[in-house]
Amino acid sequence: MKKFLFSLVLALVTLGANAQGFGGGRPQMNPEDMAKRQVDRIKETCQTSDEQTKQIYDLYLAQQKQMMAQMDSIRQAGGQFQFNREDMQARREAMNEKIKAILTPEQYAKYEEMQKQMRGRMGQGRRRE
């Protein structure tokens, strides 16, 4: 009887873990959804026009597609994708320059403040005591 109960509990735990996908239940987002999420945040913070929003969306979509393609090619080759800090920083700086060309100086100041706050929140989330 104990073996049966143990087997039943083990099966339930395994099924529950598989249902969550071992990723904390966070669904995978496609590049379009990720770009839309980022652009919605910018639109709300910076009050961008429809044309600005579309231009920024196109930038983020291209970046997300490029990142996903790079990650997929590395995984298909049997490797594990690792973020290179310098490469990511260079990509972020290039993206910021493109966004700066689209936004007005006032909007870009709001954008920079939003980015600063996001980096601060991300840094807090990494600390574990």
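The following legends describe close-up views of a predicted model.

**Figure 1. Confidence along the chain of the predicted model.** The chain has a mean pLDDT of 79, and 70% of its residues reach 70 or more. Helix α2, residues 31-46, has the highest confidence in the chain, with a mean of 92. Confidence is lowest in helix α1, residues 2-20, where the mean is 54. Over residues 17-23 the pLDDT stays under 50, and for this stretch the model has two contacts beyond four places in sequence.

**Figure 2. The salt bridge between D40 and K36 in helix α2.** Five salt bridges are found in a search of the whole structure. In the one shown here, the side chains of D40 and K36 meet with an N to O distance of 2.8 Å. Both residues belong to helix α2 and lie four residues apart, about one turn of the helix. D40 is partly exposed, with a relative accessible area of 36%. K36 also counts as partly exposed, at 46% relative accessibility, because partly exposed denotes values between the buried limit of 20% and the exposed limit of 50%.

**Figure 3. The salt bridge between D58 and K54 in helix α3.** The closest N and O atoms of D58 and K54 are 3.0 Å apart. Helix α3 spans residues 50-76, and the two partners are four residues apart within it, so about one helical turn separates them. D58 is partly exposed at 36% relative accessibility, and K54 is partly exposed at 48%.

**Figure 4. The salt bridge between R91 and D87 in helix α4.** R91 pairs with D87 in a salt bridge whose closest N and O atoms are 3.2 Å apart. Both residues lie in helix α4, which covers residues 85-102, and they are four residues apart, about one turn of the helix. The relative accessible area of D87 is 32%, and D87 is partly exposed.

**Figure 5. Packing of helix α3 against helix α4.** The axes of α3 and α4 are 10 Å apart, and the helices pack at an angle of about 165 degrees. Angles over 145 degrees count as roughly antiparallel, and α3 and α4 are therefore roughly antiparallel to each other. The crossing of α3 past α4 is right-handed. On the α3 side, the residues in contact are Q52, Q55, I56, L59, Y60, Q63, Q66, M67 and Q70. They meet M88, R91, M95, K98, I99 and I102 in α4. R91, listed among these α4 residues, also forms the salt bridge with D87.

How values were computed. Residues are numbered from 1 along each chain as its sequence is written. This is a predicted model: local features need pLDDT of at least 70, side-chain atom pairs count only at pLDDT 80 or more; totals for chains, interfaces and linings use all residues. Side-chain values use heavy atoms; hydrogens and water are left out. pLDDT is the predictor's confidence in each residue, from 0 to 100. Helices (H or I, at least four residues) and strands (E, at least two) are DSSP runs, numbered from the N terminus. Contact means heavy atoms within 4.5 Å. A salt bridge is a side-chain nitrogen of Lys or Arg within 4 Å of a carboxyl oxygen of Asp or Glu. Buried means under 20% relative accessible area, exposed over 50%, partly exposed in between (1.4 Å probe, protein chains only). Axes are lines fitted to C-alpha atoms, for helices over the stretch in contact, and angles run from 0 to 180 degrees between N-to-C directions. Angles under 35 degrees count as roughly parallel, over 145 as roughly antiparallel, 65 to 115 as roughly perpendicular and the rest as oblique. A crossing is left-handed if the near helix is turned anticlockwise from the far one by less than a right angle, and right-handed if clockwise.
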